[in-house]
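My notes follow, one topic at a time.

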Amino acid sequence: MRLKVLSQEEFVLQNVVAIARCLMQREVEQHSSGLELSLSELVREQMRSLARESEGDQTANLLEAAIAIVQKQVQGRLQEQGVPFNFDSYLASVRRTLKFPAREIAELGERLNQSREMQRLGERRSLMSPSQVPFEVAEVGLRGAIEGLFAFPLTEVCVVDVEQVQPPYQVKGEWFPFLVTAESLEFVVDDDGSIFVATENLPERLMELAGEGLMELANQLYTHL
């Protein structure tokens, strides 16, 4: 079974474009709360991403930087489809709604940078599947107390091909989330393509096997359209 999966950002972006296109086609002028909520989610996710990636102090322009990225993404998609849409009133609402969350995200980003500098966080590794799908493996928790391991594709769209899973892995379920077992380990595959395995309280050898097994499972699952 080959299943197309979208990143959370891509899913929301497509939703924003679909709503805007529908409003223009129906010539509806009233404010759409659904469109505003979707735009807010896109901007919030961009702020999180910018805060995570920043290596210095967070600036007061975090919110505006995120809005600029989202506006460019959405307008680019709509221009490809020949659909003009004015988002000014929506973005003004988004600014008001996310003014205080932006400060909180900036503060969390600064704390994250401090933890990185102190080398307290789990490791993250970028890899490539045999089908040339980039993905990342991240340790969840603090070093010395890792609670789980995540793998997730670094593409907007890819395919999770459960038919390619080979023994000793066994796939259970007919739809997301799939449970994949291998000996005493259990991997959960969700509808965004992420794979999670819990490692809390596992002995060191099983921790190593969980990491190796997660990477091998990702290599088998991730492929292009």
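**Entry 1: helices α1 and α2**

At what angle do α1 and α2 pack, and how far apart are their axes? I read an angle of about 150°, with the axes of α1 and α2 9 Å apart. A note before I go on: this is a predicted model, in which local features need pLDDT of at least 70, side-chain atom pairs count only at pLDDT 80 or more, and totals for chains, interfaces and linings use all residues. Residues are numbered from 1 along each chain as its sequence is written, and side-chain values use heavy atoms, with hydrogens and water left out.

Axes here are lines fitted to C-alpha atoms, for helices over the stretch in contact, and angles run from 0 to 180 degrees between N-to-C directions. Helices (H or I, at least four residues) and strands (E, at least two) are DSSP runs, numbered from the N terminus. α1 and α2 are therefore roughly antiparallel (angles under 35 degrees count as roughly parallel, over 145 as roughly antiparallel, 65 to 115 as roughly perpendicular and the rest as oblique). The crossing of α1 and α2 is left-handed (the near helix is turned anticlockwise from the far one by less than a right angle; clockwise would be right-handed).

I looked up the contact (heavy atoms within 4.5 Å). From α1 it includes Val-12, Leu-13, Val-16 and Ile-19, and from α2 Leu-35, Leu-39 and Leu-42 are among the residues. By class I find 8 nonpolar, 4 polar and 2 charged residues (Ala, Val, Leu, Ile, Met, Phe, Trp, Tyr, Cys and Pro count as nonpolar, Asp, Glu, Lys and Arg as charged, and the others, Gly among them, as polar).

**Entry 2: helix α3**

Next I checked α2 (residues 33–53) against α3 (residues 62–80): the angle is about 120° and the axes are 8 Å apart. The two are therefore oblique to each other, and the crossing of α2 and α3 is right-handed. Leu-39, Leu-42 and Met-47 are among the α2 residues in this contact, and Ile-67, Ile-69 and Val-70 are among those of α3. The contact of α2 with α3 has 14 nonpolar, 2 polar and no charged residues.

α1 also meets α3: their axes come within 10 Å and cross at roughly 55°. This crossing is right-handed too. The contact includes Glu-9, Glu-10 and Leu-13 of α1 with Arg-77 and Leu-78 of α3. I note 6 nonpolar, 2 polar and 3 charged residues in it.

**Entry 3: the largest pocket**

How many residues line the largest pocket? I find 28, with Glu-45, Arg-52, Arg-124, Glu-136 and Phe-152 nearest its centre. α1 (8–26), α2, α4 (88–117), β3 (134–142) and β4 (145–153) each give two or more residues to the lining. The lining has 8 nonpolar, 8 polar and 12 charged residues.

**Entry 4: backbone checks**

Which peptide bond involving Pro-168 is cis? The bond from Pro-167 to Pro-168 is, with omega near 15°, and Pro-168 sits in the loop between β5 (157–161) and β6 (170–172). Another cis bond joins Phe-176 and Pro-177, with omega about -5°; Pro-177 lies in the loop between β6 and β7 (178–182).

I also noted that Gln-132, in the loop between β2 (124–128) and β3, has a positive phi near 70°.

Methods: On a 1 Å grid over the protein atoms alone, a cavity is a set of points where a 1.4 Å probe fits but cannot get out, and a pocket is an open set with protein on both sides within 12 Å along at least five of seven lines; lining residues have an atom within 4 Å of a point.
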